[in-house]
Amino acid sequence: MAENLKDRLEFSYESIGTSSYLIIKTGLREEILDYQVSMAVCNRIERLVQFDLKSINGYAFCYYNITSKLALSFLLKRRRLSRNEFVKLLADMARTIADSVGYLLSDSCFLLDSDYIFINPENLEIAMVYIPVNADGDTCKAFKDFILKLILQLADIEEKGSDNFLQRILAFVKNDLFNFSDFLKMLDSMLYNDEANEAESCDKAEIPAAAALEQYNAEPEDNAAPKGVKPVAAALLSQFAIAAAVILVVKYIKLPGGNSFVNYLALILIIIAVDILILKKVLKGVKFQMKTATSNDTPENMLADVFAGTGGFKIPEGKPEVKSKPTASNNTVLLGSFKTGDPILKSRSNPGVEDIVVNKSDFLIGRLKDQVDFVSKSAAVGKIHAQIIKRNEAWFLMDLNSVNGTYVNDGRIAGNVEYQLKDGDTIAFANCEYVFEDR
């Protein structure tokens, strides 16, 4: 792109119906290359911002439809890009420029400026602006300079990994033999190799998991029993054995001596003492803890847990905790609701429930969770619908190319243009109405 191409253009924004437009005044109508306009309009080329040409008073105006798209510069200020997101972004731009020759377009006519490269915030698909005029320049140099600016100044890029991808990209860009074909091959290899490595790591991760599953299935069923079940079962069996012994002694064994009742009683007491010693031995090391009561912890269930070895009772050790009474204080009690000083958008349809507290100096409103500061439940609101900005103690509102528009005092505002808000202004994001209160 020629260095003076951008200086030859005039930029503005406008909202018409349900669409937002970037309008570029290119100069006199005769400067427009009609065959390029026809190629771009009729073919609807992928990754190009669609545009229409209008002539007004002998001047040419290109209307670029940027509805539901964000400028790349805006996205880079708000979002950190992963390795693959950044590599794909470069690959899409390089591929768009390289493919333009097949449509009889000039690779010098792309606006390589982060303010005029647009992004779908949901999937990061790019849309580039093409100017259908005569423009000469070193496209490779312009593209290389743009990449260097992205890496060194504009983008926040996640660099985890061991392939040093940023260093590889920088080394390629600084090479005097730079060309789009080889650059695309390198970027594609980065993306495809990463996917292959990821698939390989997943396969390796499945091996120990399968081995662990096989080992688990091979374990005896007894090992799966809860800790404490074996000792408790042995204790129960010992009780049955002791009871059987007592019955046999009383019924079938005749003790010597005159007073048989005393003799039998003495024998039973000896048996009970032996039983206690057996129980202590069998149940040694089995701990029962008090379970926190739940809806299923009826006395019957808790008793069942005791015999199953999975629950029981434990007397707490130590002294019970004594809560000290709070000392008197002369400090003023802080109430739950108080003014924060943040401006608020009071909902007209559902006040108090859907109010928006603007608690940041750069505040986004929309439906795209994790990318906005207030998530709207209305399907009519855009993914990233509008932005509220604080500057020099004043608040400004900007529509972000939404489909259904943003309104201030019943008038629709143009996208990408800041409007200063005043206390009491009525604001509508599509069909959601609010009143701005600057507190």
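Predicted model: local features only at pLDDT ≥ 70, side-chain atom pairs only at ≥ 80, totals over all residues.

Visitor: Where does Ser 20 sit?

Guide: Ser 20 touches, beyond its neighbours within four places in sequence, a set of residues including Glu 14, Tyr 64, Ile 66, Asp 399 and Arg 412. As for the element, Ser 20 belongs to residues 19-28, which form strand β2.

Visitor: Is Tyr 63 buried or exposed?

Guide: Tyr 63 is found in strand β4, residues 59-65. Leaving out residues up to four places away in sequence, Tyr 63 touches Glu 14, Tyr 21, Phe 51 and Lys 54, among others. The relative accessibility is 10% and the cut-off is under 20%, so Tyr 63 counts as buried.

Visitor: How many Å apart are Tyr 63 and Gln 50 in space?

Guide: Gln 50 is one of the residues that Tyr 63 touches. In sequence, Tyr 63 and Gln 50 are 13 residues apart. Going C-alpha to C-alpha, the spacing is 8.3 Å.

Visitor: On to helices. How are α4 and α5 oriented to each other?

Guide: Two packed helices are described by the angle between their axes and the distance between the axes. For α4 (residues 139-154) and α5 (residues 165-173), the axes are 10 Å apart and the angle is about 150°. Angles over 145 degrees count as roughly antiparallel, so α4 and α5 are roughly antiparallel.

Visitor: And which hand does the crossing of α4 and α5 have?

Guide: On the α4 side, Lys 144, Ile 147, Leu 148 and Ile 151 do the touching, and they meet Leu 166, Ile 169, Leu 170 and Val 173 of α5. That contact divides into seven nonpolar residues, one charged and no polar. As for the hand, the crossing of α4 and α5 is left-handed.

Visitor: How is α3 oriented to α4?

Guide: α3 covers residues 83-99, and its axis runs 12 Å from that of α4, at an angle of about 165°. That makes α3 and α4 roughly antiparallel.

Visitor: How do the residues in the contact of α3 with α4 divide?

Guide: The crossing of α3 and α4 is right-handed. α3 brings Phe 86, Leu 90, Met 93, Ala 94 and Ile 97, while α4 brings Thr 139, Phe 143, Phe 146, Ile 147, Leu 150 and Ile 151. Sorted by type, the contact comes to ten nonpolar, one polar and no charged.

Visitor: What about α3 and α5, how do they lie to each other?

Guide: Their axes are 11 Å apart, and the angle between α3 and α5 is about 20°. Angles under 35 degrees count as roughly parallel, so α3 and α5 are roughly parallel.

Visitor: Let's do rings. How many aromatic pairs does the structure hold, and what sort is Phe 143 with Phe 180?

Guide: The structure holds twelve aromatic pairs. For Phe 143 and Phe 180, the ring centres are 5.1 Å apart and the planes stand at 45°, so this pair is tilted.

Visitor: Which helices does the pair of Phe 143 and Phe 180 tie together?

Guide: Both partners count as buried: Phe 143 has a relative accessible area of 0%, and Phe 180 has 11%. They are 37 residues apart in sequence. Phe 143 lies in α4 and Phe 180 in α6 (residues 180-218), so the pair ties together α4 and α6.

Visitor: Which residues do ring pairs link into a cluster?

Guide: Take Phe 178 and Phe 183: their ring centres are 5.2 Å apart with planes at 50°, so they form a tilted pair. Both Phe 178 and Phe 183 are buried. Ring pairs link the cluster of Phe 143, Phe 172, Phe 178, Phe 180 and Phe 183.

Visitor: Last one, for the whole chain: what percentage of the residues is buried?

Guide: The chain's secondary structure comes to nine helices and 18 strands. Among contacts between residues at least 6 apart in sequence, 60% join residues at least 24 apart. Of the 439 residues in the protein chain, the buried share is 37%.

Terms used: Residues numbered from 1 in each chain as written. Heavy atoms only, no water. Axes fitted to C-alpha atoms, helices over the stretch in contact; angles between N-to-C directions. Helix = DSSP H or I, 4+ residues; strand = E, 2+ residues; numbered from the N terminus. Parallel < 35°, antiparallel > 145°, perpendicular 65-115°, else oblique. Left-handed = near helix turned anticlockwise from the far one by under 90°. Contact = heavy atoms within 4.5 Å. Nonpolar A, V, L, I, M, F, W, Y, C, P; charged D, E, K, R; others polar. Phe/Tyr/Trp six-rings, centres within 6.5 Å; stacked < 30°, edge-to-face > 60°. Buried < 20%, exposed > 50% of the residue type's maximum accessible area, 1.4 Å probe, protein only.
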